[in-house]
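Visitor: I would like a quick tour of this protein. Please show me the structure, then take my questions.

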Amino acid sequence: MRLHPFSSTSGALVAVVATVLVLTGCTSGGGPDGGQAEGQAGGPASGAVEPTSGTAAVPEGLEDLYAQDPAWQSCEQDAGDFECATVEAPLDYADPQGERIELALVRTGGAEEGAPHLLLNPGGPGASGVDMVVDSLDYVVSGAVQDHYAVVGFDPRGVSRSAPVECLSDEEMDAAREEHIDPSTDEGLEQVRESAREYAQACDENTGEVLGHVDTDSAARDMDLMRAVLGDQRLNYLGFSYGTALGASYAEQFPANVGRMVLDGAMDPSLDEFEVSLGQAEAFEEAIAAWAESCLAGPDCPLSGTAEDGVAQLRELLAQVEQSPLTSSDGRQVPAATFVAGLITPLYADENWPMLTQAVADAMNGNPDVMLYLADLNAGRDEDGEYSSNINDAFTAINCLDSSSASDTETLRSQAEQLDEASPTIGRFLAYGGANCAEWPEKPVDEPAPARAPGAAPIVVIGTQGDPATPYEWAPALAEQLESGVLVSWNGQGHTAYGRAGECIGAAVDGYLIEGTVPEDGLTCD
């Protein structure tokens with residue numbers, strides 16, 4: 001999940017996979033330093049899973065769609081050795097012969113002819129899997145995995161190239177991100193509600209019927225359609241962050257079709273919207289403290305004293321921005337919510353902490369340019385002012401369909417107090433999320449519930465001890481819920497592990513994806 005970057009109140013979740021947001025160098029599929037594994041005897045494997053034979057069932061009414069033969073061709077952009085295609089899916093799975101939408105896919109060409117496919121999802125909700133494969137594949141997946149699979153990125157329904165949700169123009173998005181509203185006052189909360197009504201109306205008018213069918217369960221059904229169209233009997237899948245919720249939904253709906261599935265940066269599907277926000281508030285506060293300690297131990301740190309002192313100084317800076325937004329060199333206003341969106345972005349990977357140090361130092365001197373750059377990265381805004389993806393709009397649309405949330409004033413005020421207590425630094429910026437969906441034109445189609453997936457092949461669930469966006473506790477919770485869940489942990493900082501956590505995690509994931517060797521349940525990597 002991700003922090004809602006355009007909202008003047010912020011209010012909700014955080015989520016884009018860290019490997020996409022890494023601003024400095026990293027290695028793919030494990031690094032050269034090597035990690036030490038605990039709870040492991042004779043290597044990470046405790047057994048092997050073999051591909052299941054037999055033909056997967058075709059859902060009734062979808063026979064023609066499951067029999068599609070996509071026309072793969074060179075991608076329009078200069079994307080190297082990639083092929084692009086679209087597949088059709090029903091807009092509404094309850095009406096399979098009704099209106100249809102097109103889903104965008106890209107795949108690598110490095111694997112041998114007839115190689116199995118590995119689907120990727122980077123998170124969000126609302127992040128583009130096509131962009132992840134084209135722009136960041138070597139940071140995300142090891143060369144050995146790329147040699148074994150034809151790696152496939154896709155844009156889930158409602159995202160980017162796949163029947164996208166459309167709400168605000170680029171100019172309107174800029175204006176919304178420059179607005180500051182204080183929802184702690186009655187007047188401010190009413191402004192929040194009015195802003196939410198206007199935004200919902202814009203999404204309804206500009207998107208149309210698609211708006212009611214971009215829920216996670218429908219996107220997971222699309223993944224089974226892709227599996228069949230790609231010619232695989234079982235789905236091999238690597239999902240990060242929100243992509244773990246998408247994978248868990250797939251496993252719950254199609255347990256017999258699960259192949260080799262890895263869920264990194266796990267979400268707990270049993271948690272409601274507020275429980276997610278509360279967990280993130282606590283985890284981000286811990287990450288801020290860890291950054292402050294690291295900053296003070298290094299050069300050019302703008303903080304002073306102890307780590308606790310440094311966090312207090314950061315809070316003072318935020319309070320100043322709340323009272324008086326900063327102005328960037330291009331003339332844009334940087335209110336507190338946009339400032340916080342920039343602040344959290346480098347916390348997704350400790351490799352990026354030096355950039356956060358620079359951003360805070362400059363902001364203390366009145367220059368918010370680096371912080372705004374980070375916030376723009378979070379929001380998908382290019383330097384020319386164009387928003388290259390619809391991640392902001394898709395994020396809201398998907399979350400509003402996936403679960404309901406309280407929106408009455410008394411509950412919102414109580415939640416705000418709890419969030420502020422959990423994170424005195426940024427908790428208040430995660431509050432009032434329930435107001436975002438209160439005026440949404442489409443009602444929720446699902447509610448939080450544990451994922452069981454009885455009969456599924458082993459599903460590897462990875463948690464990072466210092467993950468600010470998907471707190472570590474969610475990983476053992478998901479692994480416990482899944483009947484075939486296998487927990488792997490990394491004692492590190494940042495969001496997700498595979499691709500940035502060293503050889504121990506890399507070997508465990510690669511061994512499973514390539515050889516079918518299941519890591520030992522409870523494996524811990526340092």
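**Helix packing, folds and bridges**

Guide: The axes of helix α12 (residues 353-364) and helix α13 (residues 369-379) come within 7 Å and cross at roughly 130°. Axes are lines fitted to C-alpha atoms, for helices over the stretch in contact, with angles from 0 to 180 degrees between N-to-C directions. Helices (H or I, at least four residues) and strands (E, at least two) are DSSP runs, numbered from the N terminus. This is a predicted model: local features need pLDDT of at least 70, side-chain atom pairs count only at pLDDT 80 or more, and totals for chains, interfaces and linings use all residues. Residues are numbered from 1 along each chain as its sequence is written, and side-chain values use heavy atoms, with hydrogens and water left out.

Visitor: Is α12 oblique or roughly parallel to α13?

Guide: Angles under 35 degrees count as roughly parallel, over 145 as roughly antiparallel, 65 to 115 as roughly perpendicular and the rest as oblique. The two axes cross at roughly 130°. That makes the relation of α12 to α13 oblique.

Visitor: Which residues of α12 and α13 make the contact?

Guide: Contact means heavy atoms within 4.5 Å. From α13 come Val370, Met371, Tyr373 and Leu374. From α12 come Met355, Gln358, Ala359, Val360 and Asp362.

Visitor: Is the link of Cys295 and Cys301 right-handed or left-handed?

Guide: The sulfur atoms of Cys295 and Cys301 are 2.0 Å apart. The angle about the S-S bond is 110°. That link is right-handed.

Visitor: Does Cys437 count as buried or partly exposed?

Guide: Cys437 forms a disulfide with Cys400, with sulfur atoms 1.9 Å apart. The pair links distant parts of the chain, 37 residues apart: Cys400 sits in helix α14 (residues 391-402) and Cys437 in helix α16 (residues 434-438). Buried means under 20% relative accessible area, exposed over 50%, partly exposed in between (1.4 Å probe, protein chains only). Cys400, at 2%, counts as buried, while Cys437, at 21%, counts as partly exposed.

Visitor: Which parts does the pair of Cys504 and Cys525 tie together?

Guide: A disulfide joins these cysteines, S to S 2.0 Å. The torsion about the S-S bond of Cys504 and Cys525 is about -60°, so the disulfide is left-handed. Cys504 and Cys525 are 21 residues apart in sequence, so the pair ties together helix α18 (residues 503-515) and strand β15 (residues 523-525).

Visitor: What span should helix α6 have?

Guide: The expected span of a helix is 1.5 Å times one less than its number of residues. Helix α6 (residues 186-207) has 22 residues.

Visitor: What covers the buried residues of α6?

Guide: Among the buried residues of α6 are Leu189, Val192, Arg193 and Tyr199. Gln191 also lies in α6, but is partly exposed at 37%. The cover over the buried residues includes α14, α15 (409-422) and α16.

Visitor: Where does Ala453 lie?

Guide: Ala453 has a positive phi of about 50°, although it is not a glycine. At 0% relative accessibility, Ala453 counts as buried. Its place is in the loop between α16 and β12 (459-466).

Visitor: Which peptide bond is cis, with omega near -5°?

Guide: Look at the loop between β6 (117-121) and α3 (129-140), where Pro125 lies. The cis bond runs from Gly124 to Pro125.

Visitor: How many of the residues of the protein count as buried?

Guide: The protein has 18 helices and 15 strands. Residues 24 or more positions apart account for 78% of its contacts with a separation of 6 or more. Of the 526 residues, the buried share is 61%.

Key: Disulfide = S-S within 2.5 Å.
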